Amino acid sequence: MKNFSLHLQTRIEFGQGTIARTGEEAAKLGKRVLLLYGKGSIHRNGVYDAIVKSFQENQIEWVEHGGVSPNPRLFHTWEGAKLAQEFNADLIVAAGGGSVADEAKGIAAGFYTGGADELWDFFTRKASVKQALPIISVMTMPATSSEMNEASVITHDETKEKFSVRTSLLAPKVAVLDPNVTVDIPMKQTAFACTDIISHLSEGFFTHTDPFAPVQEGFSLTMITAVRQAMDRLMKNPKDLDARSAVMWAASLGWNGLGAAGWEGARIPCHTLEHPVSGLYDVAHGAGLSIVTPAYLKLRKAQITDRLRTFGKQIFGMEGSFSSDDVIGVLESWYQTIGTPIRLGEAVDSYDISLLTEEAVKLNGIWNASGLSDEEIEQTYRLME
Ligand code: NZQ
Ligand code: ZN
C-alpha cells in the first residue's frame, strides 16, 4: 500500500428533516449567502422552501443564482462569482446535484478572481486556487460525491473542454443529505447516477497494481454490490426509501477519497474518456460512463482476466466457467435493463471519433491518469460504436 494523507473535511448531516437546519449551519459560517441551484427541481420537491424558511429563521440574507445546467458551464459560473462579489457573500449554499455542487466550487474560487479567463486558469492548471468561499452542499442527486470531495468539473462554453480543479479549499464544510428528496428522481436519472457511482468504485479495482489490496478491493466490491442491489430494488419500487438511502450514502463514500486511499497504481481511464463525451455532446455523465466502461474492459480484458472473474462472481453472482467477454456482456445487459446506453449512437445523433480522441488526449495530458496511449484512446472510442 502506498503512503497517503487523508483528511475528510466535510461534516455529514444525514436524514429526514436535515434540510430544515441549513440556515442554522449557514449562520455558523456567515450571514450573507449566495444560494445556488439548477433549473427547477428544488422548487418542485420542497427543498427551496425548506432552505428559505431556515434562512429566515436564522436571519440570513441571501441572493440567488439559479439555472445551473447539467455539465455546468464556465460563463454561468463566472456570473455567479461576480454576483457573490457584488453581494459580498460570506458563503455559498449549493442546492441540487453534482453540477450545482461543482459550480459552487467554481464560484467559491472565482470569488477571488477578476474574470472568467482567470477562473479557467484553475481548470487548465495554469494557476492554483489560493482561497475560496466556504460551501454548504444540500445534495439532491446522489451520484458524484461532489458534496464531500475536493473536485469541481466545469465545461468551457466555447471550446467544450470539460476540465476539473481539485484542492482541499473546495471541499464543502457541510453536506446535508436527506434521502427523502431523492424518491422522485426519474428512473433514467437514477440509473445514470448509479452508473457513475459504480464507475467511481470500479476504476481503481480494474486498474490498480497492488499485489495485495484486500481493504480497497473489499471496499469497492462491497459498495458496488450495495449499489447494484439498491438499483434493482428501485426498479421494482422507485420510492423505496431504504434503497434511496443506500444509494445516497454510497454516492458520498464512492468518490470522497476514502476507498481509494493507499491504492497503488489506481487510475481513472473511464472518466478520462467520458468527459469528452459529455463535454462535446452534452450527454449525462453517467450515460457516458455506461458507454465507455464496457469498451475499456474490452480493450484491457486480457490483462485483467482475474479481476473480471471476481467482478462477475461478486457483483453478478456468476458461477462455473465463464469468460471475460461473458462478464462484460452481463454488465452491458444490466446497463440496458436499468436504461443506460451502451453505444455512442444510442446517446448522440452523430459523433466524431477523431475529435473525441483529440479531447481525451488533451485531458490525459493534464490529468495523466488514464494509463492509455493515444492509440489506445482512439481504439477504445472505436469499441463504443
Ligand atoms: O437542474 P435541476 O432542475 O436541479 O435538475 C437536475 C438535473 O436536470 C436533476 N435533479 C437533481 N436533483 C433532483 C433532480 N431531479 C429530480 N429530483 C431531484 N432530487 O437531475 C439532473 C442532473 O443533475 P446533475 O447535477 O447534472 O447530475 P449529477 O449529480 O450526476 O452531476 C453530474 C456532473 O458532475 C460531474 C459530471 O461530470 C457532471 O458534470 N462530476 C463531478 C465529480 C466531482 N465533483 O467529483 C465527479 C464525477 O465523476 C463527475 O465528473
Ligand atoms: Zn463520475
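Buried means under 20% relative accessible area and exposed means over 50%, with partly exposed covering the values in between. These cut-offs are applied below to a predicted model, in which a search of the whole structure finds 18 salt bridges.

- Glu359 and Lys362 meet through their side chains in a salt bridge, with an N to O distance of 3.1 Å.
- The two partners lie 3 residues apart in helix H15, which spans residues 353-367, so about one helical turn separates Glu359 from Lys362.
- Lys362 has a relative accessibility of 33% and therefore counts as partly exposed, whereas Glu359, at 7% relative accessibility, counts as buried.

**A network of charged residues**

- Elsewhere, Arg11, Glu13, Arg21, Glu25 and Lys28 are joined into one network by salt bridges that share partners.
- As a general point, side chains of opposite charge can pair when their charged atoms come close.

- Lys53 and Glu57 form a salt bridge in which the closest N and O atoms are 3.1 Å apart.
- Because Glu57 and Lys53 are 4 residues apart in helix H3 (residues 47-57), they are separated by about one helical turn.
- Glu57 is partly exposed, its relative accessible area being 48%.

**A salt bridge between distant parts of the chain**

- A salt bridge also brings together the side chains of Lys301 and Asp325, at 2.9 Å from N to O.
- This pair links distant parts of the chain, 24 residues apart, since Asp325 belongs to helix H13 (residues 324-338) while Lys301 sits in the loop between helix H11 (285-300) and helix H12 (305-316).
- Asp325 is partly exposed, with a relative accessible area of 43%, and Lys301 likewise counts as partly exposed, at 29% relative accessibility.

**Nonpolar cores**

- The largest nonpolar core has 58 residues, and the members that touch the most others are Leu273, Leu297, Phe311, Tyr381 and Met384.
- When neighbours within four places in sequence are left aside, Leu273 is in contact with Val292, Ala360, Leu372, Ile377, Thr380, Tyr381 and Met384.

Definitions and conventions
Residues are numbered from 1 along each chain as its sequence is written. Chains are lettered from A and ligands numbered from 1 in the order in which they are written. This is a predicted model: local features need pLDDT of at least 70, side-chain atom pairs count only at pLDDT 80 or more; totals for chains, interfaces and linings use all residues. Side-chain values use heavy atoms; hydrogens and water are left out. A salt bridge is a side-chain nitrogen of Lys or Arg within 4 Å of a carboxyl oxygen of Asp or Glu. Helices (H or I, at least four residues) and strands (E, at least two) are DSSP runs, numbered from the N terminus. Buried means under 20% relative accessible area, exposed over 50%, partly exposed in between (1.4 Å probe, protein chains only). A nonpolar core is a set of buried Ala, Val, Leu, Ile, Met, Phe, Trp, Tyr and Cys residues joined through side-chain atoms within 4.5 Å. Contact means heavy atoms within 4.5 Å.
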